[in-house]
Amino acid sequence: QVPRLQVPRLQVPRLQVERDDWLDVAAADLRPLLHLAELQGNPDAARLASHSVNAVRAATAERRWRETHGCTGTRLQVSIEAFEAKYSPRNLCMVGRVVREELTSSESTSR
């Protein structure tokens with residue numbers, strides 16, 4: 001009989017942060033943009049507003065990664081992707097990838 005590896009369950013506390021606190025954006029500044037993103041009668045304005053909201057989210061995610069992980073040789077690369085509108089009129093989503101940072105030639109010679 002093959003022995004089984006027992007892996008303990010990790011209990012990670014869940015942190016709940018309000019959206020505006022996490023984004024570092026005042027609700028009064030974000031609210032009009034979110035409202036525009038929901039407009040059904042003006043799809044061009046809604047698309048631009050939705051893209052702007054996602055750009056704020058992407059920049060925040062990248063900044064929060066740097067704050068949390070520091071100089072680990074990795075960074076979070078976030079892009080805003082679109083999928084076919086036939087699935088949803090709100091067809092933008094954020095995709096995050098952890099990538100290794102490349103050393104520049106001056107950084108590699110100084111080490």
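Tutor: The protein has four helices and two strands. Along the sequence they follow the pattern α-α-α-β-β-α. Keep in mind that this is a predicted model.

Student: How much of the protein is buried, and what makes a residue count as buried?

Tutor: Buried residues make up 16% of the 111 residues. The label needs a relative accessible area under 20%.

Student: What makes Thr60 buried?

Tutor: Thr60 has a relative accessible area of 2%. The cut-off is under 20%, so Thr60 is buried. Thr60 lies in helix H3. Not counting residues up to four places away in sequence, Thr60 touches Trp22 and Leu23.

Student: Which backbone atom does the side chain of Thr60 reach, and why is that called a polar contact?

Tutor: The side chain of Thr60 reaches the backbone oxygen of Val56 at 2.9 Å. A polar contact needs N or O atoms within 3.5 Å, so 2.9 Å meets the distance limit.

Student: Is Ser79 buried or exposed?

Tutor: Ser79 has a relative accessible area of 19%. Buried means under 20%, so Ser79 is buried. Ser79 has its place in strand S1. Its side chain and that of Glu81 are joined by a polar contact of 2.7 Å. Leaving aside neighbours within four places in sequence, Ser79 is in contact with Cys93, Met94, Val95 and Arg97.

Student: Why is Leu15 called exposed?

Tutor: Leu15 has a relative accessible area of 77%. Leu15 lies in the segment before helix H1 (19-23).

Student: Which residues form a nonpolar patch on the surface with Leu15?

Tutor: Val17 and Trp22 form the patch with Leu15. Together the three have about 330 Å² of accessible area.

Student: What makes His51 partly exposed?

Tutor: His51 has a relative accessible area of 41%. Buried is under 20% and exposed is over 50%; 41% falls in between, so His51 is partly exposed. His51 is found in helix H3. Leaving aside neighbours within four places in sequence, His51 is in contact with Ile80 and Leu92.

Student: How far apart are His51 and Cys93 in sequence and in space?

Tutor: His51 and Cys93 are 42 residues apart in sequence. From C-alpha to C-alpha they are 9.3 Å apart in space.

Student: Which residues form the largest nonpolar core?

Tutor: The largest nonpolar core has five residues: Ala58, Ala61, Trp65, Leu76 and Val78. Helix H3 (43-69) and strand S1 (74-82) are the elements that give two or more residues to this core. The largest share, three residues, comes from H3. In soluble globular proteins, nonpolar side chains tend to be buried together.

Student: What is Trp65 in contact with, leaving aside its neighbours within four places in sequence?

Tutor: Trp65 is in contact with Gly70, Thr74, Arg75, Leu76 and Val98.

Student: How do you know that Arg64 and Asp24 form a salt bridge?

Tutor: Their closest N and O atoms are 3.4 Å apart. The limit is within 4 Å, so Arg64 and Asp24 qualify. The pair links distant parts of the chain: Arg64 is in helix H3, and Asp24 is in the loop between H1 and helix H2 (27-37), 40 residues apart. Arg64 has a relative accessible area of 21%. Buried would need under 20%, so Arg64 counts as partly exposed.

Student: Which residues form salt bridges with Glu67?

Tutor: Glu67 forms one with Arg63, the closest N and O atoms being 3.4 Å apart. Glu67 also forms one with Arg64, where the closest N and O atoms are 3.5 Å apart. The limit is within 4 Å, so both pairs meet it. Glu67 and Arg63 both lie in helix H3, four residues apart, about one turn of the helix. Glu67 and Arg64 are three residues apart in helix H3, so about one helical turn separates them.

Student: What links Asp24, Arg63, Arg64 and Glu67?

Tutor: A network of salt bridges links the four residues. The structure holds six salt bridges.

Notes:
Residues numbered from 1 in each chain as written. Predicted model: local features only at pLDDT ≥ 70, side-chain atom pairs only at ≥ 80, totals over all residues. Heavy atoms only, no water. Patch = residues over 30% accessible without salt bridge, like charges linked within 9 Å, V, L, I, M, F, W, Y side chains within 5 Å. Areas by Shrake-Rupley, 256 points an atom, 1.4 Å probe, with all protein chains shown as cover. Salt bridge = Lys/Arg side-chain N within 4 Å of Asp/Glu carboxyl O. Buried < 20%, exposed > 50% of the residue type's maximum accessible area, 1.4 Å probe, protein only. Core = buried A, V, L, I, M, F, W, Y, C linked by side-chain atoms within 4.5 Å. Contact = heavy atoms within 4.5 Å. Polar contact = N/O pair within 3.5 Å; in protein donor to acceptor, adjacent residues only side chain to side chain.
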